[in-house]
Amino acid sequence: MRKLFIHTKTTEKTGVVIEQGKIQEYVVDRPGVKVISGAIFCGKVIRVDHGLQAAFIDIGVGREVFLRKETIPWCEDEISSAVKVGEFLFVQGIKEAIGHKGAQVSADLTIPGLYVIYQPYGNKVSLSKKLGAESKEKLETAIRPLLGGMEGVIIRTAADVADLTVVEEELLLLKEQWEEIIKGNDKKTGLLWYEPLLPNQLMRRYPISSMEKVIVDDASVAQYLKKQFPTASANIEWKKNGSQEMPISINSLEEQITEPIVELDNGIQIVIDHTEAMTVIDVNSHKYKGKAFSNYQAFQVNKEAAEEIQRQIRLRNISGIIIIDFISMKDSSKEKHLLSEMKKLLKKDVVKTTVFGITRLGLLEMTRKRDWASPVSLLAEKRESSFTKETSVYRLERDLLEASSSEAEAYLVAVHPDLNDIKKQLLSEPISSKIPQELFVRQDSTIQSYQIELGGSLDMIRDAVQRRGYHVDNLF
């Protein structure tokens, strides 16, 4: 069972999913951030690429989106037989843009309900695998006559416990909603329909029956959810300070998920590194609290790490190619066991994941479908690489030696305390003894490495030091 915490009173809306007492997902709905996943647009075909068997569509968001042949229900041959340049068509966002990769859309549209998902061009009845044979037959028999033309429907697990009339009425309402969406909107690019990420899309992400409790911080939103999701109304609660029931605060959670290193209680360290092409996850055992590191122990370390890795993948919403470097195991049977364990853990994820196997180098290869934006991409800027302390000391030495030929009589230099501490280990003689200028060096923990702040006459530098109240050393 799971708990959902939905915070909508703040300008930036957030959602948290908790399972077995641990936070598994974090969703951010930020004003001004365009989210196309789930949204329906009227788009214009700008270009058809015969090699890629794909089309590039203008949907009015400033950047063309990508439509694959496989996502066009009526396309049975070459893509050119299904769409033409200049043609308008309805598409739905399925993947957000990331880096240099544009967003992806599908022409196989879906309008979600509680019990069914209506597909205007689906052309078939699909049923949840969790439905029993008897329920499948009963539901399909009732629903199929309500469809016509290319229409299709996906019958959800929740329909099993609902009254058949309610399920039928919902489908008819979704069909009416679709007609309203497209009415008079087939010749102009732009957004036609969008369901908010919070609270709506998050609520639909999981089966209603799996929600033990939904805690909302706004009374009006709680009432809205009870009307939208009547079968869950008994579990939806308004609590003014509901976030206090979470394991940690939102701000603390954000600090955790933007850190590339995850420390586990037993000394295992998981390092998460995002690149343009993939995400690499490394299991580091250098702090592991154990004695002899046997093959069995390596498996135990990997097994414990695997559970946290699947949580971090969901929590950070990592998508695309994922490579996991587990601790090396020489026993192939242990590798197979670990692979099986990882597949089992990833079944908890509602986002489609595919595990391909473990390579000869011991790297587990997997992919995860890209849907909503990763919270990390919204919360943190990319970290710029910085020079080591040792490099910074040598760079400062070069800068001052190159500046020694100037007419300045003195320099005021700010250095980070770490540089000041390490310089004696690195330099055989002080920099101040190698240049004709007098140095005034102050320590400043707010700068990253060093900064040559001022150069000029000796009197000018002394006056600046006195006016600013600096404590300086002349030897560096």
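**Notes on the cavities, a pocket and some local features**

1. The largest cavity in this predicted model has a volume of about 160 Å³. A cavity here is a set of points, on a 1 Å grid over the protein atoms alone, where a 1.4 Å probe fits but cannot get out. Grid points are joined across faces, edges and corners, and a volume is the space filled by probe spheres set on the points. The largest cavity has 19 lining residues, and the closest to its centre are Val27, Val28, Asn317, Trp372 and Ala373. To count as lining, a residue needs an atom within 4 Å of a point.

2. Before going on, a word on the ground rules. This is a predicted model, where local features need pLDDT of at least 70 and side-chain atom pairs count only at pLDDT 80 or more, while totals for chains, interfaces and linings use all residues. Residues are numbered from 1 along each chain as its sequence is written, and side-chain values use heavy atoms, with hydrogens and water left out.

3. Which elements line the largest cavity? Strand 3 (22–29), helix 6 (295–315) and helix 8 (375–379) are the ones that give two or more residues to the lining. Strand 3 gives the most, with five residues. Helices (H or I, at least four residues) and strands (E, at least two) are DSSP runs, numbered from the N terminus. By type, the lining splits into eleven nonpolar, two polar and six charged residues. In this count Ala, Val, Leu, Ile, Met, Phe, Trp, Tyr, Cys and Pro are nonpolar, Asp, Glu, Lys and Arg are charged, and the others, Gly among them, are polar.

4. The structure holds 21 salt bridges, each being a side-chain nitrogen of Lys or Arg within 4 Å of a carboxyl oxygen of Asp or Glu.

5. The search of the whole structure finds two cavities of 30 Å³ or more.

6. Now for a pocket, meaning an open set of points with protein on both sides within 12 Å along at least five of seven lines. The second largest pocket has a volume of about 570 Å³. Of its 25 lining residues, Lys22, Leu264, Glu308, Arg311 and Gln312 are the closest to the centre. Helix 6 supplies the largest share, seven residues. The lining divides into eight nonpolar, seven polar and ten charged residues.

7. Helix 3 (residues 197–204) and helix 4 (residues 219–228) are worth a look together, as their axes come within 11 Å and cross at roughly 40°. Axes are lines fitted to C-alpha atoms, for helices over the stretch in contact, and angles run from 0 to 180 degrees between N-to-C directions. Pro199, Asn200, Met203 and Arg204 of helix 3 meet Val221, Tyr224, Leu225 and Gln228 of helix 4, where contact means heavy atoms within 4.5 Å.

8. Two backbone details deserve a check on screen. The peptide bond from Leu198 to Pro199 is cis, with omega near 5°, and Pro199 lies in helix 3. Gln20 has a positive phi of about 50° although it is not a glycine; Gln20 is in the loop between strand 2 (13–19) and strand 3.
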